[in-house]
Amino acid sequence: MKRNGEGHGVHELVPDPLRKECVKAPEGTFAFQDNLPRLPVPDLDDTCCRYLEWVRPLLDDRAFAVTTEVTEAFAEATGPGRELQRRLMERASRPDVPNWLEPFWEDMYLSFRDSLVIHSSVFYALEEREKEWSFRAASLVLGALAFWRKILEESLPPDMERGEPLCMAQFRRVFGTTRVPCASRDVLRFTAGGNGKTAEHVVVLRRGRLFRVDLPDASSRSCCGSDELAAIFRDIDERCRSTPAAFPVGVLTALPRERWAALRRRLAAIPGNEELLESVETALFAVCCDEAVPEDFSDLGAALLAGEAANRWYDKSVQFVVFPDGGAGIVMEHAGTDGSVMVRLAAHLATEAPRREETSGDSRPTWREFCFVCDEDLLEEIHRALHVVEEHSRSVCVRAWSFDAFGKERIKRAGVSSDAFVQLALQLAQRRLFGVCRTTYQAVMTRRFLHGRTEAMRPVTSASVAFVDAAAVRNAGTTAKSRAETCALLLRKAAACHVERVRLCKVGFGVDRHLWGLLQLAAAESLERPALYDDLGWRTLSRNTFSTSTTAADGLRLAGFGPVVEDGYGFRYLSYADRFHLFLSGWRHSHTALASLQEALHEALEDLLGFLEAESRPDV
């Protein structure tokens, strides 16, 4: 590795390799696809130097010395990293590999064997709109169909970021996509607009019962109107009102994947059921009409994250959940799509979904119930699954709230990135509550590249630790003005470091995906596992105690996901001009810590802005 005069590893500043000039969006959703750059394979020395820099604040001196030695051995001329790097570059250069990370990343999701509930599914609570639940459900269906038509017609404008086009490949996976459980590894099934087939039906779940709603001409603008569709939802509700499902098959999709795969095979073997599974799995999406009304923000988050599991089909890429008060949300299956795609859908639904007064279409939808047949053994399995899934859902606790003291506009006026601001507040809250800042994962979109997904940004830096150490203590020997100025200076340095790391990840020069890709390549080609991946440094950096993310807030009230490790937390935040909507999740055994973390985070947000605004005020 390259070294500076003091013997420390150094790496070159990475320029943005992509075009800087603004590009005018052409006609066509996928117009840029053929010209998008490929995800780069970073230089191994640079990645290893950045790795040591990123892991440094998470290790003590002795552990870091060992990690440095192991990393140098990995990257040296005869080290295992060199051969893996050569093979990875060879793979990335192949014309049949649009993105070297893609097959590894998809395999990681599809090989996951735990329940999708909490562990993998992500939710988005939509803005409040139509109060009557049946019309809200109809509006969501028709709005989603309009979005799908734009994808089919290629009239949806491509996403852009700072004048750069983003990959739109994931939009082909939004509708008609189902994750089918199989032994050892699931598969993604695509039916909407692929292989000459176009689905024109959706699945509706009510009280655990499943219904197929056929929408003639769903792919055209002559589809049905909201009145007819709302009436169908009311008819379905009337049928279910007195009798819930005797055996809610959907609950099986919430089981661990090996168990669901085995039960699905048994279910499909009973005459008549395979056709019904086919209908569910080829549907454009699912609409889940729930019974309970969420009482507050936390209840809303809990209902979407792990609510009414008997009234879900978690294998579907998109499930719309509708509550009796007209509230609604999206539950996303994560294998095929990322959050930025759901956010685009949410923004569309907020601005373009048809309202109740719109006229009817030319076609009339029809509906029928799915009547699965279950033998005694399967009935027992379903009843057992209800208890297992209920216990699993109760194992998580959430806190969601609106922080109304200020929003991103006031932070922007103070000259700091609002994303960096919230992440630094989370670190200060951790420092005060736990005494340390734990490993944090922040998802950063890499859709600038063909078939790009995400990179792992690591917000805990040496600069952020210096800031939280200073902000966590009060020195009686300094004035409030002097302390605020010191903390503000350190905060700005930490925020600048945060922004630079985000930039590196966006342009394909993060740390995690490169090193993880080398590890996956070693496994795929039956090579010996390098010692770097058994070292404490890698085990610490890759263990996501805090899993965090943010997205654009257009069309959303809340978004969130579950913790990913047994002592971990999920944290998602939406930034508005005048407020933040925050979601925290943790396991039930950490309920007290979660409440304390919420309080500490609230205090930290106020303290950070106090430091910045005290800079310009005279000392009193």
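Analyst: In this predicted model, eight strands form an open sheet with mixed pairing, in the order β11-β7-β6-β8-β9-β10-β1-β16. Its edges are β11 (366-369) and β16 (556-560), each of which pairs on one side only. On average, and with direction ignored, neighbouring strands of the sheet are turned by 20 degrees against each other.

Within this sheet, strand β9 (residues 318-322) and strand β10 (residues 328-332) run antiparallel and are joined by five bridges. Along this pair, Val-321 stands opposite Gly-329 in β10. Helix α10 (residues 339-352) packs on the sheet, where it touches β9 and β10 as well as β1 (122-126) and β16. The direction of helix α10 makes about 15 degrees with that of β1. Another helix, α6 (residues 226-241), lies across β6 (201-206), β7 (209-214), β8 (286-289) and β11. Helix α6 runs at about 155 degrees to β7.

A further set of paired strands deserves attention. Strand β15 (residues 546-551) has five of its six residues buried, so the strand is largely enclosed by the rest of the structure. Strand β13 (residues 440-445) pairs with β15 in the parallel sense over three bridges, and Tyr-441 has Ser-547 in β15 as its bridge partner. Strand β17 (residues 569-575) also pairs with β15 in the parallel sense, over six bridges. Here the bridge partner of Ser-547 is Gly-570 in β17.

The largest nonpolar core holds 85 residues, of which Tyr-51, Phe-74, Phe-421, Phe-467, Leu-582 and Leu-601 touch the most other members. Helix α18 gives the most to this core, with 11 residues. Apart from this core lies another, of 56 residues, including Phe-135, Cys-224, Leu-345 and Phe-561.

Phe-421 may be followed in more detail. Not counting residues up to four places away in sequence, Phe-421 touches Phe-406, Ile-411 and Val-416, together with Leu-605, Leu-608, Leu-609 and Leu-612. Helix α18 covers residues 591-614 and also contains Gln-598. With a relative accessibility of 16%, Gln-598 counts as buried, the limit being under 20%. When its neighbours within four places in sequence are left aside, Gln-598 is in contact with Arg-399, Trp-401 and Leu-584.

These parts belong to a chain with 18 helices and 18 strands. Buried residues account for 59% of its 620 residues. Of the contacts between residues at least 6 apart in sequence, 76% join residues at least 24 apart. A compact globule of 620 residues would have a radius of gyration near 25 Å, and the chain agrees with this, having 25 Å. Along the principal axes, the C-alpha atoms fill a box of roughly 75 × 60 × 55 Å. The chain exposes about 24800 Å², and carbon and sulfur atoms supply 51% of that area.

Notes: Residues are numbered from 1 along each chain as its sequence is written. This is a predicted model: local features need pLDDT of at least 70, side-chain atom pairs count only at pLDDT 80 or more; totals for chains, interfaces and linings use all residues. Side-chain values use heavy atoms; hydrogens and water are left out. Two strands pair if DSSP finds at least two bridges between them. Helices (H or I, at least four residues) and strands (E, at least two) are DSSP runs, numbered from the N terminus. Axes are lines fitted to C-alpha atoms, for helices over the stretch in contact, and angles run from 0 to 180 degrees between N-to-C directions. Contact means heavy atoms within 4.5 Å. The radius of gyration is taken over C-alpha atoms; the globule rule is 2.2 Å times the number of residues to the power 0.38. Buried means under 20% relative accessible area, exposed over 50%, partly exposed in between (1.4 Å probe, protein chains only). Accessible areas come from the Shrake-Rupley method with a 1.4 Å probe; for residues, only the protein chains shown count as cover. A nonpolar core is a set of buried Ala, Val, Leu, Ile, Met, Phe, Trp, Tyr and Cys residues joined through side-chain atoms within 4.5 Å.
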